[in-house]
Structure formats: C-alpha cells, structure tokens
Amino acid sequence: MTDLYAWTDGACSGNPGPGGWGVLMRAQDGERIVKERELKGGEPDTTNNRMELMAAISALEALTRPTAITITTDSAYVKNGVTGWIHGWKRNGWRTASKKPVKNEDLWRRLDEAQARHDVRWEWIKGHAGHAENERADELARAGMEPFK
C-alpha cells in the first residue's frame, strides 16, 4: 500500500518582505520511496505565516484526486489553525474569539477548501532540528523566495 506525505515550510526575508514556500511530496510503500515531487514558489512582499499557509495549500492543490495524505509542518500557526481555530472562525463569520477579523482569512479559506476534498492528517515537528524532509522543504522555501530578494 502506498502512503502519501508532504513536508511544508515557509520563509521570509524580513516580515513582511520577500517570501517563499516549499513542499516535498513523497509517495512511500513502507520504507520504499515510490515517487517524490518538489514544489516551490514565492512572493515579493509577504509574511512568514502567509508562506507557511501557501506551502500547505500548494501541497493539497497539487493533488488531482481525493487522497489520504499526511502533511507535516513546522508551523504551529498552520497546525493549530487548521485543526482547531478554524472551526471557531467559521462559526463566528471569520472573526476571532475577540471579534477581530481573522488574519490571512483569504488563505485560511483557500486551505479549508483545499483540504475538504482530502483525508488529511496534520503533524507538527520542530523546525531546524535536523529532520531531513523538513530541511529540504526549508531549502525549497528559500529557493522560492530567491527571485524576489
């Protein structure tokens, strides 16, 4: 049986400033890697949180059919937002508990729509801790930012 994984990361030079996002996608049969795909992109004037969101969105939007996938992020903002906070935001008309507009609402809505088609398991790992796949996603994010620096 083949399992699908994505490691996502965002980067920003200044916050706001030029930013990039990166995704390492991997299909695995047990320990055997069946296929890998790398995605990256960036924007000239953005924030780190927006790039973290774009990485997760891009991973999900790259899937051509409904799929079970594990997405690993080093962003507590993304992990906590998509697995917890978003439910309250939607109930409250995209307002926070303190009645303020949700920051990055456009991307949260896009992520919510993208994940609705799939069976997504979200995982968080500590960034810059030597995890090979997370480090590769970070390299891709920095490469995605490069044209905008």
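Beyond its neighbours within four places in sequence, Thr8 is in contact with Gly22, Val23, Glu52, Ala55, Ala56, Ala59, Ile71, Thr72, Thr73, Asp74, Asn134 and Ala137. The model is a predicted one. Thr8 sits in strand 1. Its relative accessibility is 0%, so Thr8 counts as buried.

**Ala56 and helix 1**

Ala56 belongs to helix 1. Ala56 is buried because its relative accessibility is 0%. Leaving out residues up to four places away in sequence, Ala56 touches Thr8, Ile71, Val78, Leu111 and Trp122. A longer separation can be given too. Ala56 and Ala132 lie 76 residues apart along the chain, and their C-alpha atoms are separated by 18 Å.

**The nonpolar core**

The largest nonpolar core holds 32 residues. Within it, the residues with the most contacts are Val23, Met25, Leu60, Ile69, Trp108, Leu111 and Trp122. At least two residues each come from strand 1 (2–12), strand 2 (17–29), helix 1 (48–61), strand 4 (68–73), helix 2, helix 3 and strand 5 (119–124). Helix 1 gives the largest share, eight residues.

Setting aside neighbours within four places in sequence, Met25 is in contact with Tyr5, Ala6, Lys35, Glu36, Arg37, Leu39, Ala59, Ala62, Leu63 and Ile69.

**Helix packing**

Two packed helices are described by the angle between their axes and the distance between the axes. Two pairs are set out here.

| Helix pair | Axis angle | Axis distance |
|---|---|---|
| Helix 1 and helix 3 | about 25° | 9 Å |
| Helix 2 and helix 3 | roughly 95° | within 11 Å |

Take helix 1 with helix 3. Their axes are 9 Å apart and the angle is about 25°. Helix 1 is therefore roughly parallel to helix 3. The crossing of helix 1 past helix 3 is left-handed. On the helix 1 side, the contact uses Arg50, Leu53, Met54, Ala56, Ile57, Leu60 and Glu61. Helix 3 answers with Asp106, Leu107, Trp108, Arg110, Leu111, Ala114 and Gln115. By class, this contact of helix 1 with helix 3 has nine nonpolar, one polar and four charged residues.

How do helix 2 and helix 3 stand to each other, parallel or perpendicular? The axes of helix 2 (residues 76–91) and helix 3 (residues 105–116) cross at roughly 95°. An angle of 65 to 115 degrees counts as roughly perpendicular, so helix 2 and helix 3 are roughly perpendicular to each other. Helix 2 brings Tyr77, Val78, Gly81, Val82, Ile86, Trp89 and Lys90 to the meeting. From helix 3 come Trp108, Leu111, Asp112 and Gln115. The contact of helix 2 with helix 3 has seven nonpolar, two polar and two charged residues by class.

Trp108, Leu111 and Gln115 meet helix 2. Trp108, Leu111 and Gln115 are also part of the contact with helix 1. Trp108 and Leu111 are again among the core residues with the most contacts.

**Backbone exceptions in the loops**

Most residues other than glycine have a negative phi, and most peptide bonds are trans. The peptide bond from Asn15 to Pro16 is cis, with omega near 15°. Pro16 lies in the loop that joins strand 1 and strand 2.

The loop between helix 2 and helix 3 holds Trp94. Phi of Trp94 is positive, near 60°. Trp94 counts as buried because its relative accessibility is 8%. Asn104 is found in the loop between helix 2 and helix 3. Phi of Asn104 is also positive, near 65°. Asn104 has a relative accessible area of 16%, so Asn104 is buried.

**Ile125**

Ile125 lies in the loop between strand 5 and helix 4 (132–145). Its relative accessible area is 18%; the cut-off for buried is under 20%, so Ile125 is buried. Ile125 touches Thr72, Thr73, Asp74, His131 and Asn134, not counting residues up to four places away in sequence. Thr73 is 52 residues from Ile125 in sequence, yet their C-alpha atoms are 6.3 Å apart.

Technical notes:
Residues are numbered from 1 along each chain as its sequence is written. This is a predicted model: local features need pLDDT of at least 70, side-chain atom pairs count only at pLDDT 80 or more; totals for chains, interfaces and linings use all residues. Side-chain values use heavy atoms; hydrogens and water are left out. Axes are lines fitted to C-alpha atoms, for helices over the stretch in contact, and angles run from 0 to 180 degrees between N-to-C directions. Helices (H or I, at least four residues) and strands (E, at least two) are DSSP runs, numbered from the N terminus. Angles under 35 degrees count as roughly parallel, over 145 as roughly antiparallel, 65 to 115 as roughly perpendicular and the rest as oblique. Contact means heavy atoms within 4.5 Å. Ala, Val, Leu, Ile, Met, Phe, Trp, Tyr, Cys and Pro count as nonpolar, Asp, Glu, Lys and Arg as charged, and the others, Gly among them, as polar. A nonpolar core is a set of buried Ala, Val, Leu, Ile, Met, Phe, Trp, Tyr and Cys residues joined through side-chain atoms within 4.5 Å. Buried means under 20% relative accessible area, exposed over 50%, partly exposed in between (1.4 Å probe, protein chains only). A crossing is left-handed if the near helix is turned anticlockwise from the far one by less than a right angle, and right-handed if clockwise.
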